[in-house]
Amino acid sequence: MHPFQLLPRLRLIIISLLATAPLLANAQEIEQVARLSLPPVERRHPVDTALEIAEESLQHVRANVDDYTAIFIKRCRVGGVMPPLQYASLKIRNRKLDGQDIAVPLSVYLDFLKPSSVKGREVIWVENANDGNLIVHQGGFASFLTTQLDPEGMLAMRGQRYSIKEIGIENLLEKFVVTAQQDRLHGECDVQIETDHLFGQTSCTLVEVIHPIRREHFRFHRARVYFDNNTKMPIRYQAWLWPETPGGPPVLDEEYNYFNLKVNVGLSASDFDPSNPSYRFR
């Protein structure tokens, strides 16, 4: 075919392209606008599922748990020294708010069972009562003594990392939520969740958070929280620091256990009154 015979066909192709060019441009513009209009996809952090479990548990405790009893077993490293486990019979009545006002104060009773250095000690603390003080009945040779102590003073805090104001499952959950929210600001966070882990005879959801590399913004190397699948409450918390030597084992830093947890048993103000005849206060 002679080149001049191609001109009419080329002319038709050019006209077709010119006619469709605005449509193509509009389609590209529409696609660009659509992309801009779509909300950004938020990438989930590895700790998000653990955070959701803790937040759900915290909401449940605040809405549905008035009080509980347990055998409280704890130890925490203070000044680099890990003391032996302490065992105590525990009663707690959770704080309840009426708007901004405290309708029911956080109330705590502890009766220490062992070791011998604390056996027989009883402690009562009621929020905004007794001038904010602990009421302490000593055990052993000092069993005739009942004193009041500043809960954050030197005597009450001896061998302790946290004051009694921070005791309890609700406070534990609040701290875990805050720590997880802070972890979301950083990487280097591995999370494992086992939904049917047996702790003794109790079915738990085990949440394990690991920070492989020591950083100033991380509070621990490894932490484990055991959520009772029945009560939806954490019954064990353990945290370890980073190994002291390369390849060495993690260093246990703190541990809190709530054994034989019984919820909403109907505790009243008399359970946190030193004049209760079943107590040994003098």
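Where in the chain does P115 sit? In this predicted model, P115 is found in the loop that links β5 (107-114) to β6 (122-126).

K232, not a glycine, has a positive phi of about 65 degrees. You'll find K232 in the loop between β11 (222-228) and β12 (234-241), and its relative accessible area of 46% makes K232 partly exposed. N260 isn't a glycine either, yet its phi is positive, near 55 degrees. N260 belongs to strand β13 (residues 251-263) and counts as exposed, at 55% relative accessibility.

## How α2 meets α4

Now for the helices. Helix α2 (residues 48-64) and helix α4 (residues 169-183) have axes that come within 9 Å and cross at roughly 150 degrees. Since angles over 145 degrees count as roughly antiparallel, α2 is roughly antiparallel to α4. The crossing is left-handed.

On the α2 side, the contact involves A50, L51, A54, E55, S57, L58, V61 and R62. Their partners in α4 are E170, L173, E174, F176, V177, A180 and Q181. By type, the residues of this contact split into nine nonpolar, two polar and four charged.

## The whole chain

Zooming out, the protein has four helices and 13 strands. It runs to 282 residues, and 39% of them count as buried. Its accessible surface is about 16900 Å², with 55% of that belonging to carbon and sulfur atoms.

As for contacts between residues at least 6 apart in sequence, 51% join residues at least 24 apart.

Definitions and conventions:
Residues numbered from 1 in each chain as written. Predicted model: local features only at pLDDT ≥ 70, side-chain atom pairs only at ≥ 80, totals over all residues. Heavy atoms only, no water. Axes fitted to C-alpha atoms, helices over the stretch in contact; angles between N-to-C directions. Helix = DSSP H or I, 4+ residues; strand = E, 2+ residues; numbered from the N terminus. Parallel < 35°, antiparallel > 145°, perpendicular 65-115°, else oblique. Left-handed = near helix turned anticlockwise from the far one by under 90°. Contact = heavy atoms within 4.5 Å. Nonpolar A, V, L, I, M, F, W, Y, C, P; charged D, E, K, R; others polar. Buried < 20%, exposed > 50% of the residue type's maximum accessible area, 1.4 Å probe, protein only. Areas by Shrake-Rupley, 256 points an atom, 1.4 Å probe, with all protein chains shown as cover.
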